Each structure stands twice: as structure tokens, then as C-alpha cells.
Amino acid sequence: MSTPTSSEATPVRLAVVDDDPLVRAGLALMLGGATGIDIVGEGADGTQVAALVDRTHPDVVLMDIRMPGMDGLAATEELRRRPGAPEVIVLTTFHADEQVLRAIRAGAAGFVLKDTPPAQIVEAVLRVAAGEPVLSPAVTRRLMVRAAGEGADDGTARRRRARQRFAGLGEREQDVASAVGRGSSNAEIAAELHLSVATVKTHVSRILARLGLNNRVQIALLVHDAGLLHEDEDGAGGTGIG
């Protein structure tokens, strides 16, 4: 997928929230010099996020998970409940399936490790701002396995609810949602279903509105919760959100 540059679109407004001032300084230095990104504010704790967003109006918030006071998970949940909330990318030093799954259910659009190469973090910010989720296929598969194993009773109830919600979509919307669950991009979905990319985007927007979801990651999670992609997950290659 191509990402917007400053010559093609308004720079992405980015806020960075991390309790370590050295990490914030490093991220600001690294991302602030990237084409297509403007650092508009910084925060040191989850309790500062609401005021930071009100003051700076970012498009994307890069949010550390582990912070004193209010951690990044609680801050993400609180932020994403607000109308017109910016997208959130979760930033951490380690893979923690339970925490990442909670962040995704709360509405985070991406997940990156702090040791991710700078160019990939820039790409993640630009992609999320453009409406594409950022979660590696390997992490996606692990999270879906974790979600499926959260307890037999919980899993059965979740599958039933997910299937009921999925059934409320139109036939073409179901096709698009399933493709999102397989990790397909808008262009790939358009080619598969013989639609224009603009039409796919319209379907995705309608799916989000009908299901009350925040982003494509949550569409994918719903599809997996409904048990619609088990054959893909059991396959040798597997697919995920790229």
C-alpha cells in the first residue's frame, strides 16, 4: 500500500505519550523529521491524554502501554469512547497477548514494539492515519488463538454474539468483512470481489457504522470471534493484518 507524503496530503498530526522522557525525545526526533508527519504534542501519563488531544487535535496517538498513574490501555479505552477520537497505536517493549488484545478491543488500530526500526514506525503511523491497521500476521494469529481460548463459556457466547452481528450485514458487506478478517487490503478486496477501491472503502465504512466498531482491526476480530476463518487459521501459512 502506498502511504501519503507531504506533497500529496496534509501531514499526519501525531502525539506521543510515554512516561520515559528519553523515549519521548527519541521518538520526537525520529518521527518529527519524517516526511508526512508533524509531532504536535507529547504526554508522560495516560491521565494527560484527554487534555493533550483537546489541545493539539492529533490524527494519531502513539501510546505506551506501561505508564504510572493511568496506563496506556486504560487511556486508550477512555480516548476511543470519545466522538471523533484520533487513532491509537500501542507502543511497548514486549509482546503481551492479553494486553494487546485488550487494546485492540478498546479500539487501538495498531501495535508496534519499541525496537521496531524507525522507518517501520513511520510507515505504521502513516498507514493508520490512512485507515489501514498495523498488526503483523504472526501477532494476529497469536491474538486470535488467545481470544478463542478465553474460556469455553465465554467463547461460545462470544461466537454467538459475533455471528448475530455478522448476520446483520448485507451479503456484499459480509464478503468485504470476511476479506478484512483474512488481512486483505482494500486493493486486494477490490480485485477479489470485482469492485472499485472506492466502493470497498464505502462498504468498510458502512460495516463500521452498522456494527459500532472503531476500525478494521475490530472487524477482523469480530470475524474471527464468529469462527468464520478457522480453516485459514489452521492452514500452514495463515493470514493476518499486515
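Guide: Let us begin with a definition: a residue is called buried under 20% relative accessible area, exposed over 50%, and partly exposed in between, using a 1.4 Å probe and protein chains only. This is a predicted model, in which local features need pLDDT of at least 70 and side-chain atom pairs count only at pLDDT 80 or more, while totals for chains, interfaces and linings use all residues. Residues are numbered from 1 along each chain as its sequence is written, and side-chain values use heavy atoms, with hydrogens and water left out.

Visitor: Why is glutamate 173 called buried?

Guide: Its relative accessibility is 5%, and buried means under 20%, so glutamate 173 counts as buried.

Visitor: What makes glutamate 173 and arginine 210 a salt bridge?

Guide: A salt bridge requires a side-chain nitrogen of Lys or Arg within 4 Å of a carboxyl oxygen of Asp or Glu, and the closest N and O atoms of glutamate 173 and arginine 210 are 3.1 Å apart, so the pair meets the definition. The two partners belong to distant parts of the chain, with glutamate 173 in helix 8 (residues 171-181) and arginine 210 in helix 10 (residues 197-211), 37 residues apart. Helices here are DSSP runs of H or I with at least four residues, and strands are runs of E with at least two, numbered from the N terminus.

Visitor: Is arginine 210 buried or exposed?

Guide: Arginine 210 counts as exposed, because its relative accessibility is 53% and the cut-off for that word is over 50%.

Visitor: What makes aspartate 64 and lysine 114 a pair that ties parts of the chain together?

Guide: Their closest N and O atoms are 3.5 Å apart, and they form a salt bridge. Aspartate 64 lies in strand 3 and lysine 114 in the loop between strand 5 and helix 5 (118-129), so the bridge joins parts that are 50 residues apart in sequence. Aspartate 64 is buried at 3% relative accessibility, whereas lysine 114, at 27%, is partly exposed. Asp18, Asp64 and Lys114 are linked in a network of salt bridges, and the structure holds eight salt bridges.

Visitor: How do you know that helix 11 is largely enclosed?

Guide: Ten of the ten residues of helix 11 (residues 216-225) are buried, so the rest of the structure largely encloses this helix. Among them are Arg216, His224 and Asp225. Helix 11 is followed by glycine 227, whose phi is positive, near 75°.

Visitor: Which residues touch the most other members of the largest nonpolar core?

Guide: A nonpolar core is a set of buried Ala, Val, Leu, Ile, Met, Phe, Trp, Tyr and Cys residues joined through side-chain atoms within 4.5 Å. Of the 24 residues in the largest one, Val17, Val49, Val61, Met63, Leu79 and Val90 touch the most other members. Helix 4 gives this core its largest share, four residues. Apart from it lies another core, of 21 residues, among them Val176, Ile219, Leu222 and Leu229.

Visitor: Why is valine 88 called buried, and what does it touch?

Guide: Valine 88, found in strand 4 (residues 87-92), counts as buried because its relative accessibility is 0%. Contact means heavy atoms within 4.5 Å, and, not counting residues up to four places away in sequence, valine 88 touches partners including Val61, Met63 and Leu79.
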